Amino acid sequence: MHIGLLTGGGDCPGLNAVIRAVTLALANECGARVTGIERGFWGLLHGRARPLEPATVHGILAEGGTILGTHNRCDPFHDTDGADRSAQALAFAREDLRLDGLVAIGGDGTMQIAERFHRLGLPVVGVPKTIDNDLPRNDRSFGFDSAVAVVADALDRLATTARSHGRVMIAETMGRYAGWIALEGGLAGGADAILIPERPFDVAALARWCREREATVGHTLICIAEGARAHGQGLTVQARLADSPDPIRLGGVGAWLQQQLQPALTSEVRTTLLGHVQRGGTPTPFDRVLATRFGYHAAQLVRGGRWGRMVVLAGAECDSVDLLEVAGQSRPVPATDGRLRAALGLGVWMGDGAGT
């Protein structure tokens, strides 16, 4: 058996742990040959591949990024010549490499592309990867814990400056259209206000609340997701990339909020954009273990011929779902989420007022 493996979309702590687990499990348990496709689906289009062996993946468990490289702008089905490009990618996979199947590690966009290749006759197993934790049917993605750890550490550091200077400190997190990173990171870092896309907020009410805190505790720590927005406002878009399947790049809502709050407050308002530090670096132990479990479970799906499925974490156990259920889909924070209820119960400001 000859299996291809690729990492698509953005980089993420834990990718190398999955590569290692898939390679070792397939080699040890069924003697399969594994080939790594370099830079995601771009590698299928440009004939970039190299063998993965147990010796190749030695020592990469704790290494950040991906040894195969990745690409977040290459969708063989996206352009007007998508039929030719997808046929070219399929020909490289089936005729040149003679793959029996492909393990694709990535987020919603990668799963959407993988599902289309599966329908065209290239058997695929998916492994969910996103620091945003927003893939449906999956309780937790590797990389998310590592991102949350960065946010919590940043809030710990910003809190000391907020207290020392009597400031309003704003930390902007990643997360795209879901608030998981800001919510869990804000809870872990003791944020006084957490603003997420799922709960549009009132700027005037937030300003009044910050003024009240000026007269009492003297400082405020705000954690805001890049996809958060005020009532009546659209998303804050940093850039639009015409050549990307997902052309919108969010960013800058923290700076926008600073400009709205500063005229209404005596305290100085400062913003920190955490940016890509949230998805770089070494994975946490939790993410190393979760990524290893995902990689091993993906290998079991391959061994059992259960193609067209994506590995998920359901409760405490690994399971799988049909790629069609997750391709191109996202998972917002539900109103019933326990972390959201806990934040509200503690009086964290999350909308028009504390505890609302």
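## A pair within helix 5

D153 and R157 sit four residues apart in helix 5, about one turn of the helix. Helices here are DSSP runs of H or I with at least four residues, strands are runs of E with at least two, and both are numbered from the N terminus. An α-helix has 3.6 residues a turn, so residues three or four places apart point the same way. The two side chains, D153 and R157, meet in a salt bridge at 2.9 Å, N to O; the term asks for a side-chain nitrogen of Lys or Arg within 4 Å of a carboxyl oxygen of Asp or Glu.

D153 is partly exposed at 37% relative accessible area, while R157 is exposed at 57%. The cut-offs: buried is under 20%, exposed is over 50%, and partly exposed is in between, using a 1.4 Å probe and protein chains only. Elsewhere, salt bridges with shared partners join R140, D145, E184, D337 and R339 into one network.

## What you are looking at

This is a predicted model, in which local features need pLDDT of at least 70 and side-chain atom pairs count only at pLDDT 80 or more, while totals for chains, interfaces and linings use all residues. Residues are numbered from 1 along each chain as its sequence is written, and side-chain values use heavy atoms, with hydrogens and water left out.

## Salt bridges across the chain

How many salt bridges does the structure hold? The count is 17. One of them joins D134 and R176, with the closest N and O atoms 3.0 Å apart. D134 is in the loop between strand 5 and helix 5, and R176 is in the loop between strand 6 (168-173) and helix 6 (180-188), so the pair ties together parts 42 residues apart in sequence. D134 is buried, at 4% relative accessible area.

R137 pairs with E325, and here the closest N and O atoms are 1.9 Å apart. This one also links distant parts of the chain: R137 is in the loop between strand 5 and helix 5, E325 in the loop between strand 13 (317-322) and helix 10 (338-345), 188 residues away. R137 counts as partly exposed at 46%, and so does E325 at 37%.

## N138, tucked into its loop

N138 belongs to the loop between strand 5 (124-128) and helix 5 (144-165). Buried or exposed? N138 is buried, with a relative accessible area of 1%. A polar atom of the N138 side chain lies 2.7 Å from the backbone nitrogen of L313. That is a polar contact: N or O atoms within 3.5 Å, where within protein one must be able to donate a hydrogen and the other to accept it, and sequence neighbours count only if both atoms are side-chain atoms.

Leaving out residues up to four places away in sequence, N138 touches P128, F294, V312, L313 and R331. Contact means heavy atoms within 4.5 Å.

## Helix 7 and its packing

Helix 7 (residues 203-214) has 12 residues and reaches 16 Å from first C-alpha to last, close to the 16 Å expected at 1.5 Å a residue. At its start, a side-chain oxygen of D202 comes to within 2.9 Å of the backbone nitrogen of A204.

The buried residues of helix 7 are V203, A205, L206, A207, W209, C210 and R213. They pack against strand 7 (193-195), strand 8 (220-225) and helix 8 (253-261).

Methods
Expected span 1.5 Å × (residues − 1).
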